[in-house]
Amino acid sequence: MKRAVITVVGRDSVGIIARVCTYLADQKINILDISQTIVDGYFNMMMIIDVTGVDERFADISEEIIEIGKELGMDIHCQKEEIFESMHRI
């Protein structure tokens with residue numbers, strides 16, 4: 001299984017989860033785990049996704065996720081799990 005991590009941060013607004021999840025469903029990307037919280041009007045979400053069966057290049061998916069973030073006024077990134085883990089290792 002090839003896994004990736006999506007992070008979403010920014011001001012809370014209606015439709016953030018719906019927009020991201022709709023994109024993932026359209027790409028046939030399965031959400032394995034999801035956590036989200038809102039603190040003082042700021043939305044924060046982290047998703048673990050399975051990109052095993054995706055036809056598109058991972059770099060293209062990453063760029064499209066960034067564009068969705070721009071549309072929503074959010075900071076959204078998608079990284080391969082191993083890169084995310086190495087960046088956050090203590």
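Residues count as exposed when their relative accessible area is over 50% and as buried when it is under 20%, with partly exposed in between; Arg-57, at 56% relative accessibility, therefore counts as exposed. The views below show a predicted model.

**View 1. The salt bridge between Arg-57 and Asp-60.** The side chains of Arg-57 and Asp-60 meet in a salt bridge, at 3.1 Å from N to O. The two partners fall into separate accessibility classes, because Arg-57 is exposed at 56%, whereas Asp-60 is partly exposed with a relative accessible area of 28%. A search of the whole structure finds three salt bridges, and the views that follow include the pairs Arg-19 with Glu-71 and Glu-67 with Lys-70.

View 2. Arg-19 forms a salt bridge with Glu-71, and the closest N and O atoms are 3.2 Å apart. Since Arg-19 belongs to helix H1 and Glu-71 to helix H2, the pair ties together parts that are 52 residues apart in sequence. Arg-19 is partly exposed, with a relative accessible area of 30%, while Glu-71 is exposed, with a value of 56%.

View 3. Glu-67 is joined by a salt bridge to Lys-70, with 3.4 Å between the closest N and O atoms. Both residues lie in helix H2, three residues apart, which is about one turn of the helix. Glu-67 counts as partly exposed at 39% relative accessibility, and Lys-70 counts as exposed at 58%.

View 4. When neighbours within four places in sequence are left aside, Leu-24 is in contact with Ile-6, Ile-29, Ile-31, Met-47, Ile-49 and Ile-65.

**View 5. The pairing of strand S3 with S1 and S2.** Strands S1 and S3 run antiparallel and are joined by nine bridges, with Ala-4 having Ile-49 in S3 as its bridge partner. S2 and S3 also pair in the antiparallel sense, over nine bridges, and here Thr-37 stands opposite Asn-44 in S3. The hairpin of S2 and S3 has two residues between the strands, and within this hairpin Asp-40 takes a positive phi near 50 degrees.

**View 6. A nonpolar surface patch that includes Ile-34.** Ile-17, Ile-31 and Ile-34 make a nonpolar surface patch of about 200 Å². Ile-34 has its place in strand S2 (residues 30-39) and is partly exposed, with a relative accessible area of 39%.

Terms used
Residues are numbered from 1 along each chain as its sequence is written. This is a predicted model: local features need pLDDT of at least 70, side-chain atom pairs count only at pLDDT 80 or more; totals for chains, interfaces and linings use all residues. Side-chain values use heavy atoms; hydrogens and water are left out. Patches are made of residues with over 30% relative accessible area and no salt bridge: like charges are joined within 9 Å, nonpolar side chains (Val, Leu, Ile, Met, Phe, Trp, Tyr) within 5 Å. Accessible areas come from the Shrake-Rupley method with a 1.4 Å probe; for residues, only the protein chains shown count as cover. A salt bridge is a side-chain nitrogen of Lys or Arg within 4 Å of a carboxyl oxygen of Asp or Glu. Helices (H or I, at least four residues) and strands (E, at least two) are DSSP runs, numbered from the N terminus. Buried means under 20% relative accessible area, exposed over 50%, partly exposed in between (1.4 Å probe, protein chains only). Contact means heavy atoms within 4.5 Å. Two strands pair if DSSP finds at least two bridges between them.
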